[in-house]
Amino acid sequence: MDVYLSALGCRLNEAELEAWGRDFARGGHRVLDAPEQADVMVLNTCAVTAEASRKSRKLARRLHRQNPRAKLVLTGCFAALEPARAAELAGVDLVVSNADKDTLVARLCEDLDATAMPAQARDEQSLYRAARTRAFVKVQDGCRNRCTFCIVTVARGAERSVPIGNVVETVRDLVQRGHREVVLSGVHLGGYGGDIGANLRQLVEAVLLSTDVERLRLSSLEPWDLPEGFFALWQDRRLCPHLHLPLQSGSDRVLARMARRTSRASFRALVDAARAAIPDLCLTTDVIVGFPGESAADFDQTLELSRELDFAHVHIFPFSPREGTAAARMSGQVDSEEKRRRSRALHELAETMRRETLERYVGARRPVLWETVAEGSCVGLTDNYLKVLVEAPSNRDLINAISAPLLCSVQGDALLAQH
Ligand code: SF4
């Protein structure tokens, strides 16, 4: 059968999509780049905000309009939180819960009694797959924490980890398919293994030991539950010196209202330990501005701590109450104008820190994985997650190559380089 896969939202949704793509390909089915000719369309929805749920419904309707003949399958967090509403959407034939995602491909093949396609289908699959340079691998799902603003922990349920052996096998398969970088992803990645008597350090050690992956990256990591000796892993230079640690707020009072299992002091100590162990570490983060009850003084603490910790990039989220979370029912909701003011102030600081980080690398060389070509330039990411542009050479295809160009100057949010 011909399948079209689409996802909204987080890296984990993307990792799931890639895994389904591989599974369909292994079964001899074809994964298309567009929905019009598909027999089945799978949409991995998001519900992290009310807006994300609205976008999920809108995309489902659009897919049905683009191909009313195809079977439309909805899964993901919107479908998990509002299964009845998802099933009522025009054209939806099947709603698959987050808990059943790992068996989605088998179930669809069974439901549709789909038989394997001829051999050439597989060749097309490898072509399709090779388009991606970085591959996301889901190693964990669900979360034991109860941050008061978070609906993901509700939508994705209890923690469950993929056994280390399965992850190693998947990474080996991806390396064989030509992927130069693998990103390990989860909802609460730091909690990996808690349900199977393992931990994240053991997983990373096994992947580094048992595969030839050239670059291994970790996706977002909550700043707690990290195993003993975790930062020693970075002695292996294949582990990318980049950590995404969501701070969310720099005020202990607000962190407590968010039920975050961290504080200013413990977050700072974690960053200090990481910086001491990992040369050229780049730190990125998430911050919510305007959380209920956040005073101007609380926000000033967020600015001050962010400045001190020197983030290379800050994802800024103006608080939006998410129905079904404790924070949505909290008193002290901050007015929109004030939220906008705080977002602007943090944006300005984030841009300054970004520029300072990039300027620190002018004149240096760093390994860059080239991923795309845009407006005559190749675009890639350094091992420590800095964006780099280089004039696309006429004599060779840089895509999916790793090289160490000279980083010459800063342009916007990127470094201009030359070989
Ligand atoms: S740790 Fe992350 S996924 Fe879990 S509840 Fe908190 S914000 Fe949500």
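Predicted model: local features only at pLDDT ≥ 70, side-chain atom pairs only at ≥ 80, totals over all residues.

Me: Thanks! With that definition, which residues is Val-73 in contact with, leaving aside its neighbours within four places in sequence?

Reply: Val-73, which lies in strand 4 (residues 71–76), is in contact with Val-40, Met-41, Val-42, Leu-43, Leu-94, Val-96 and Leu-108.

Me: What makes Val-73 buried?

Reply: Buried means under 20% relative accessible area. Val-73 has a relative accessible area of 0%, so Val-73 is buried.

Me: Leu-108 is on that contact list. Which residues of helix 1 and helix 5 meet?

Reply: From helix 1 come Trp-20, Asp-23 and Phe-24, and they meet Leu-104, Val-105, Leu-108 and Cys-109 of helix 5. The residues of this contact divide into 6 nonpolar, no polar and 1 charged.

Me: How do the axes of these two helices lie?

Reply: The axes of helix 1 (residues 11–26) and helix 5 (residues 104–111) come within 9 Å and cross at roughly 45°. That makes helix 1 oblique to helix 5, because angles under 35 degrees count as roughly parallel and 65 to 115 as roughly perpendicular. The crossing of helix 1 with helix 5 is right-handed.

Me: Now the rings, please. How many aromatic pairs does the structure hold?

Reply: The structure holds 6 aromatic pairs.

Me: Why is the pair of Phe-149 and Phe-291 called edge-to-face?

Reply: Planes over 60 degrees apart count as edge-to-face. The planes of Phe-149 and Phe-291 are at 85°, with the ring centres 6.5 Å apart, so this pair is edge-to-face. Phe-149 sits in the loop between strand 7 (140–141) and helix 7 (152–156), and Phe-291 in the loop between strand 12 (282–289) and helix 12 (296–309), so the pair ties together parts that are 142 residues apart in sequence. Phe-149 and Phe-291 are buried, and together with Phe-319 they form one aromatic cluster.

Me: What makes the pair of Phe-231 and Trp-234 tilted?

Reply: The label stacked needs planes under 30 degrees apart and edge-to-face needs over 60, so the rest are tilted. For Phe-231 and Trp-234 there are 50° between the planes and 6.0 Å centre to centre, and this aromatic pair is tilted.

Me: And are those two residues buried or exposed?

Reply: Phe-231 has a relative accessible area of 13%, so Phe-231 is buried. Trp-234, at 3% relative accessibility, counts as buried too.

Notes
Residues numbered from 1 in each chain as written. Heavy atoms only, no water. Axes fitted to C-alpha atoms, helices over the stretch in contact; angles between N-to-C directions. Helix = DSSP H or I, 4+ residues; strand = E, 2+ residues; numbered from the N terminus. Parallel < 35°, antiparallel > 145°, perpendicular 65-115°, else oblique. Left-handed = near helix turned anticlockwise from the far one by under 90°. Contact = heavy atoms within 4.5 Å. Nonpolar A, V, L, I, M, F, W, Y, C, P; charged D, E, K, R; others polar. Buried < 20%, exposed > 50% of the residue type's maximum accessible area, 1.4 Å probe, protein only.
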